[in-house]
Amino acid sequence: MKAIVTEFSTRDGGHYVPGMEHNGVLYVSGQLSINPATGEIPVGGVANETRQALANLELVLNTAGLTRDDVIQCRLYTPDVANWPEINTAYSEFFGTHKPARVVVPSNNLYGGCLVEIEAVADATART
Amino acid sequence: MKAIVTEFSTRDGGHYVPGMEHNGVLYVSGQLSINPATGEIPVGGVANETRQALANLELVLNTAGLTRDDVIQCRLYTPDVANWPEINTAYSEFFGTHKPARVVVPSNNLYGGCLVEIEAVADATART
Amino acid sequence: MKAIVTEFSTRDGGHYVPGMEHNGVLYVSGQLSINPATGEIPVGGVANETRQALANLELVLNTAGLTRDDVIQCRLYTPDVANWPEINTAYSEFFGTHKPARVVVPSNNLYGGCLVEIEAVADATART
């Protein structure tokens, strides 16, 4: 088991690491749509928030030496499934031709009023 | 990493594959209680919807060369935990003597008004 | 695939096992904040409930020959994200210096009025 720690890891005081690797799989913690450098949620709606959460996911992947193409599955949470079409568009632009398995979970209100949270598992054997 | 694609894979325009295999584990995307051939949610209540979501799960398993006995864990989402007894009955009929690990998640309203969504991980080394 | 069964496994009639092991990973079923010996939810608020859910998690880990230090990732569900600071405090006291990856999921109302449910994956190769 190997912890993946980023420069923003402990900013929010939560008891977690951004990623943990075991047996060829990277487990990425839930990434909210908060800019870790500023603590702000991007303005402009759920598409922008999705891009922020995906950027946060990518920071963890890159820190582990992986890329978005190594993502096996994403689980996405949003408090209103009506947000889904916009999330799907930003998400598909991010991943391009790569299509991970996916779960969409309509949740209760997210921390801080975020409209999207994303977690993932990735192929950690892809690194080399 | 190996994508598992079914005949219904891209019907809903979502950016995902029904299943992704890595390191001896099949990750199955969230399966809603929608008949993929008709796009309809079965009538008759949550037990029927559970059977549909499980049939959708089984299609992905079978496409990957696996069966319901290879399921390691299921995660089930329903917008009202009061649906749980009926879901559990249909679920136990489906799995019979096999009892995967399980998580029940009371969610917000699911896509299209579905009453149940099911995701799973399965043992992909079971295939031979 | 190997089922992990505890003395309380079938108490609630649910069709599941508390844990399932595969390929060096233990998948722990969702643990509610219910005392399995009494069927009661602890009084005193969400911190006490978090300690109960974590005790239930630890019983599964120990039954599998593992400890809390082997946990790779936890996924925590609570019906109100305002509970989060108290959950985080009880959670950090439980894990001490070990920080698994983590996902926080604001859910709908949990079974029986519980304020917290916890699931986990753990490193099953750590045993020995």
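This is a predicted model: local features need pLDDT of at least 70, side-chain atom pairs count only at pLDDT 80 or more; totals for chains, interfaces and linings use all residues.
Residues are numbered from 1 along each chain as its sequence is written, while chains are lettered from A and ligands numbered from 1 in the order in which they are written.

The copies use different surfaces, as 15% of the contact residues of chain B recur in chain A; two residues are in contact if their C-beta atoms, placed from the backbone, lie within 7 Å.

Now take chain A by itself. It has 2 helices and 6 strands, where helices (H or I, at least four residues) and strands (E, at least two) are DSSP runs numbered from the N terminus. Along the sequence they follow the pattern β-β-β-α-β-α-β-β. The C-alpha atoms of chain A fill a box of roughly 40 × 35 × 20 Å along the principal axes. Of its 128 residues, 53% count as buried, that is, with 20 or more other C-beta atoms within 10 Å of their own, C-beta atoms being placed from the backbone. Of the contacts in chain A with a separation of 6 or more, 71% join residues 24 or more positions apart.

Chain C lets us look at the sheet. Its 6 strands form an open, mixed sheet in the order β1-β2-β3-β6-β4-β5, with strands counted as paired if DSSP finds at least two bridges between them. β1 (2-4) and β5 (101-106) of chain C stand at the edges, each with a single partner strand, so one side of each is left without a neighbour in the sheet. Within the sheet, β2 (residues 19-22) and β3 (residues 25-32) of chain C run antiparallel and are joined by 4 bridges. Gly19(C) stands opposite Val28(C) in β3(C).

Finally, where do chains C and A meet? The contact takes 23 residues from chain C and 21 residues from chain A. On the side of chain C that touches chain A, β4 (71-78), α2 (84-95) and β5 each supply at least two residues, and β5(C) gives the most, with 6 residues.

Definitions and conventions
A residue is buried if 20 or more other C-beta atoms lie within 10 Å of its own, exposed if 12 or fewer, and partly exposed in between; C-beta atoms are placed from the backbone.
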